[in-house]
Amino acid sequence: MTGRNKYRNAVNNVMLTLSGICAAVTVSMLFVILAYLVYNGFSSLNLDFFTQLPKPTGQVGGGMANAILGSAQVVLIASCFGLPIGFFAGIYLAEFGGKKFCMLVRYMADLLNGVPSIVIGIFAWTVLVVPMHHFSALAGGMALSLMLIPITARSTEQFLLEVPRSMREGALALGATKWKTIATVIVPAARRGIMTGMILGVARISGETAPLLFTALNNEFWSTGFSSPTATLPVMIFTHAVAPYDDWHRQAWAAGLVLLTMVLVANILARTVISRGASLPK
Amino acid sequence: MSPKMVSTSETKMAYPPETTAYAPENKMSPTSTEGTKSATATAKLRAANVNFHYGSFHALHDVSMEFQENKVTALIGPSGCGKSTFLRNLNRINETLRDTRLEGEITLDGQNIMDFDITEVRRRVGMVFQRPNPFPKSIFENIIYGPKINGMLKGTSAAEIVEKSLRRAALWEEAKDKLHESAYALSGGQQQRLCIARALAVNPEVLLLDEPCSALDPIATAKIEDLLVSLKDQCTIVIVTHNMQQAARVADTTGFFLMGRLIEHAKTDMIFKNPACKETEDYITGRFG
């Protein structure tokens, strides 16, 4: 009996320790990455990095101002298309669709979510870049929006479904149409969650590289508009990291640091939005 | 707790006019079947041979029932007997559920509710739910929601409607200083009265209540019961309740449901003192349910 208990306790302790170690690894990875980025990139972070164009090959210094602006441009385009489409698709999934069709859409959205980003890049290149005859921020933004749509749709759906059924019935019972109910009661009740999902989605796509390689391409200078090749931070990291110059490597680290910081800030922002969002009872 | 807290006198707005003719004493036969056509003349709401299915489950069997104007009707019966299902058909809120089917006819003032625009039915037949379900908005916005979406704000000030509705729901004194605070700042009983006020704000002719006190303490329950009695000169009330004392306290007539059938519908006194059916008596005396 005691032998059996000893064995059970031992198993218990081993499993607890094991899962604790795995949890620690998960958390520490973030800090390792962050520390590495700071160690390698912090020295290159200066005002020039945020205000100057990259220096021609061989020269030291310069910055990535064009890539920062370019990333903003591309992410803006992606948001303009991806967020509304995803949002309304999410509303459809949560509120309107028939059972079978919704399952299909949901499944497709999850598949689209899982499509390797390089494939999305090739696709965008084929349908946008080739017909337009040049690389552009627009094509890059569209490629990213393709990734943003399923993320937004699924998170919007999830938060809408969390609004209790009694709330819907309350509005319908007052003579509201279905759309009125959604627009004036359901979406406002879920808005913090929906916004959080959107922020996280945008943060997620802003670090994507592969879809931009064939679409926005890159540019050593300021982009001249939405229809011209545009530098972005992820692509800049890629090109700088594979180049044979130490200064470029440092700048790649710095760009990585900037990108990660942006994503972290977006995440923290999203968490605060949702934690302050006790807009629903229970 | 006294119903005097409700002011029902000033009727400046388009609230239901003082009723012209009171329904004569309810003459319904104890059994629910046809043959009481003579009483239909004054029935505000009438269900004839209603059958309802959830998918393959036959939840209501041939329910025929009449609700007299300006009366409180209670629906009682054990859990799962179909009383809530029946109630939820009276304002067509069950249509929001998938895979359901309704047969038979429900008429409001003699007109089939299926012929109305659905929003019109629900405006005229209000509903209060089992758990208080205020919207995540302020008290003021909760009340004004119905009038706003139904385009009833023309010519009346929103503040006036809010005050009037809160007074009718006996909540004005408690809520008047925090109209612009979240509705969740109210207690459960107050929230339920807020939901009643919200329903009253669109001037419903019929008010359906689905076990409105089941989540409330006895004091809050007593307030709502007083309120119902005070409201019946303005609308026709149908209340589903698990609590037989509640039915006895508030209802003029009571219908007893069992396994999807209306067993008996008669004056509340009759149901509780001298039920016509064995099943009713068994239920009333606590032999099952």
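The following paragraphs describe how two protein chains are arranged and how they meet in a predicted model.

Because this is a predicted model, local features were considered at a pLDDT of at least 70 and side-chain atom pairs at pLDDT 80 or more, whereas totals for chains, interfaces and linings use all residues. Residues are numbered from 1 along each chain as its sequence is written, chains are lettered from A and ligands numbered from 1 in the order in which they are written, and side-chain values use heavy atoms, with hydrogens and water left out.

The interface between the chains is described first. In total, 23 residues of chain A are in contact with 26 residues of chain B, contact meaning heavy atoms within 4.5 Å. The area buried between chain A and chain B is about 1800 Å², of which 63% comes from carbon and sulfur atoms; buried area is the accessible area (1.4 Å probe) that two parts lose on being put together, summed over both. Within the area that chain A buries against chain B, Glu169(A), Ala173(A) and Leu174(A) supply 33%, more than any other three residues.

Between the two chains, six residue pairs are in polar contact, both residues being at pLDDT 80 or more. A polar contact is a pair of N or O atoms within 3.5 Å; within protein, one must be able to donate a hydrogen and the other to accept it, and residues adjacent in sequence count only if both atoms are side-chain atoms. On the side of chain A that touches chain B, the elements that give two or more residues are α7 (165-172) and α8 (178-206) of chain A, and α7(A) gives the most, with seven residues. Helices (H or I, at least four residues) and strands (E, at least two) are DSSP runs, numbered from the N terminus. By class, this side of chain A has 11 nonpolar, eight polar and four charged residues, where Ala, Val, Leu, Ile, Met, Phe, Trp, Tyr, Cys and Pro count as nonpolar, Asp, Glu, Lys and Arg as charged, and the others, Gly among them, as polar.

Glu169(A) has its place in helix α7 of chain A and is counted as buried because its relative accessible area is 6%, buried being under 20% relative accessible area, exposed over 50%, and partly exposed in between (1.4 Å probe, protein chains only). When neighbours within four places in sequence are left aside, Glu169(A) is in contact with Arg88(B), Ile93(B), Thr96(B) and Phe129(B). With Arg88(B), Glu169(A) forms a salt bridge in which the closest N and O atoms are 2.6 Å apart, a salt bridge being a side-chain nitrogen of Lys or Arg within 4 Å of a carboxyl oxygen of Asp or Glu. The count between chain A and chain B is one salt bridge.

Chain B has 10 helices and 10 strands, and of its 289 residues, 56% count as buried. Among contacts in chain B between residues at least 6 apart in sequence, 70% join residues at least 24 apart. The largest nonpolar core has 49 residues, and those with the most contacts inside it are Leu166(B), Leu194(B), Ile196(B), Leu207(B), Leu209(B) and Ile237(B); such a core is a set of buried Ala, Val, Leu, Ile, Met, Phe, Trp, Tyr and Cys residues joined through side-chain atoms within 4.5 Å. A second, separate core of 39 residues includes Val163(A), Ala171(A), Ile205(A) and Phe135(B).

In helix α4 (residues 158-168) of chain B, the buried residues are Ile161(B), Val162(B), Lys164(B), Ser165(B), Leu166(B) and Arg168(B), and what covers them includes α3 (139-149), α5 (172-175), α6 (188-200) and α7 (218-231) of chain B. The helix is followed by Ala170(B), whose phi is positive, near 55 degrees. Ala170(B) is placed in the loop between α4 and α5 of chain B and counts as buried because its relative accessibility is 12%.

A positive phi, near 45 degrees, is also found in Asp62(B), a residue other than glycine. Asp62(B) is in strand β2 (residues 57-68) of chain B and, at 48% relative accessibility, counts as partly exposed. In the loop between β2 and β3 (72-76) of chain B lies Asn70(B), which is buried with a relative accessible area of 3%, and its side chain reaches the backbone oxygen of Asp233(B) at 3.1 Å.
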